[in-house]
Amino acid sequence: MGVAIVIILLVLATPAVYLFIIKSWISAVISHSFGRRYFIPLAFIIGVTAILAEYYIVLSDLKVWSAVETGYNLLIKKYFQNIIFSLLMLAAGMAFGLLFLPLIILALAIGAPTGLLLYSLSKIVFGIFIGIAILVALAAVLSLASIFIAWKKTAWTLFFQEIAKTAEPEAAEKVSEKEISAAPASPSLGGPASPPTTLKGESVGGPENV
């Protein structure tokens with residue numbers, strides 16, 4: 001999915017870059033606007049489809065291509081909810097990034113005077129101090145980032161389960177005997193002899209699978 005986004009970006013950006021190089025400014029701006037107008041929705045579709053496909057693979061035991069198709073169908077059926085939730089996740093990511101700003105200012109306020117003092121005393125001690133400061137900064141960034149990633153994954157999982165439950169049960173048409181419907185089974189739709197399994201892996205009643 002990432003490779004597809006990069007290819008689309010290169011295809012759409014190449015004309016604008018070429019027009020800038022030959023100094024055709026107006027055509028370059030028009031081409032850039034045209035490319036951006038198409039790149040953003042395409043990148044959104046590919047990115048969200050990849051996320052939903054990932055959850056279908058894990059929670060619904062679908063094969064890769066079936067998961068991609070099912071994730072795309074779920075995105076189309078619930079496009080408004082996906083847009084709103086993706087914007088919320090984007091805002092949360094930006095807010096999380098802003099949390100690093102006071103930490104960076106505090107680190108500079110403490111580290112800069114200390115570093116200058118140690119540098120004036122001994123360059124060896126200063127080098128050790130820089131090394132320790134870098135390790136502490138990396139540990140802090142990775143710790144905070146892991147907390148945010150865990151929260152983000154949890155939020156996406158709950159969101160996926162909500163929209164998948166309310167989607168039409170066509171989501172699992174191409175699954176094998178282990179198929180898991182994206183919505184509760186309806187008597188009017190018929191169904192397999194064995195009971196369908198929910199997204200959480202629970203049985204909804206009926207004879208046991210053999």
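Predicted model: local features only at pLDDT ≥ 70, side-chain atom pairs only at ≥ 80, totals over all residues.

I began with Tyr79, which counts as exposed at 52% relative accessibility. My scale for this: buried means under 20% relative accessible area, exposed over 50%, and partly exposed in between, with a 1.4 Å probe and protein chains only. Tyr79 sits in helix α4, residues 79–121.

Residues are numbered from 1 along each chain as its sequence is written, and side-chain values use heavy atoms, with hydrogens and water left out.

**The patch around Tyr79**

Which residues make a nonpolar surface patch with Tyr79? I found Phe80, Ile83, Ile84, Leu87, Leu88, Leu90 and Met94 there, and with Tyr79 they make a patch of about 840 Å². Patches are built from residues with over 30% relative accessible area and no salt bridge; nonpolar side chains (Val, Leu, Ile, Met, Phe, Trp, Tyr) are joined within 5 Å, and like charges within 9 Å. The areas come from the Shrake-Rupley method with a 1.4 Å probe, and for residues only the protein chains shown count as cover.

**The whole chain**

I stepped back and looked up the totals. The chain has five helices and zero strands, and its pattern along the sequence reads α-α-α-α-α. Of its 210 residues, 23% are buried. The chain exposes about 14400 Å², and carbon and sulfur atoms supply 74% of that. I also checked contacts, meaning heavy atoms within 4.5 Å. Among those with a separation of 6 or more, 54% join residues 24 or more positions apart.

Next I looked at α5, residues 123–166. Its 44 residues should span 64 Å at 1.5 Å a residue, and its end C-alpha atoms are 64 Å apart, which agrees. The expected span is 1.5 Å times one less than the number of residues.

What covers the buried residues of α5? The cover includes α2, α3 (64–77) and α4. Among the buried residues of α5 are Phe148, Trp156, Phe159, Phe160 and Gln161.

I then looked up the largest nonpolar core, which has 18 residues. A nonpolar core is a set of buried Ala, Val, Leu, Ile, Met, Phe, Trp, Tyr and Cys residues joined through side-chain atoms within 4.5 Å. Those with the most contacts inside this core are Leu52, Tyr56, Leu74, Phe85, Trp156 and Phe160. The elements giving two or more residues to the core are α2, α3, α4 and α5, and the largest share, six residues, comes from α5.

Leaving out residues up to four places away in sequence, Leu52 touches Gly71, Leu74, Leu75, Asn82, Phe160 and Ile163.

**Salt bridges**

How many salt bridges does a search of the whole structure find? It finds two. The criterion is a side-chain nitrogen of Lys or Arg within 4 Å of a carboxyl oxygen of Asp or Glu.

One pairs Glu54 with Lys153, with the closest N and O atoms 3.3 Å apart. Glu54 lies in α2 (residues 25–60) and Lys153 in α5, so this pair ties together parts that are 99 residues apart in sequence. Glu54 is partly exposed at 36%, and Lys153 is partly exposed at 40%.

The other joins Glu162 and Lys165, again with closest N and O atoms 3.3 Å apart. These two are three residues apart in helix α5, about one helical turn.

Last, I looked up Phe126, which lies in α5 and is partly exposed at 23%. Beyond its neighbours within four places in sequence, Phe126 is in contact with Gly115, Leu118 and Tyr119. Tyr119 belongs to α4 and is partly exposed at 44%. Tyr119 and Phe129 are ten residues apart in sequence, and their C-alpha atoms are 9.4 Å apart.

Terms used. Helix = DSSP H or I, 4+ residues; strand = E, 2+ residues; numbered from the N terminus.
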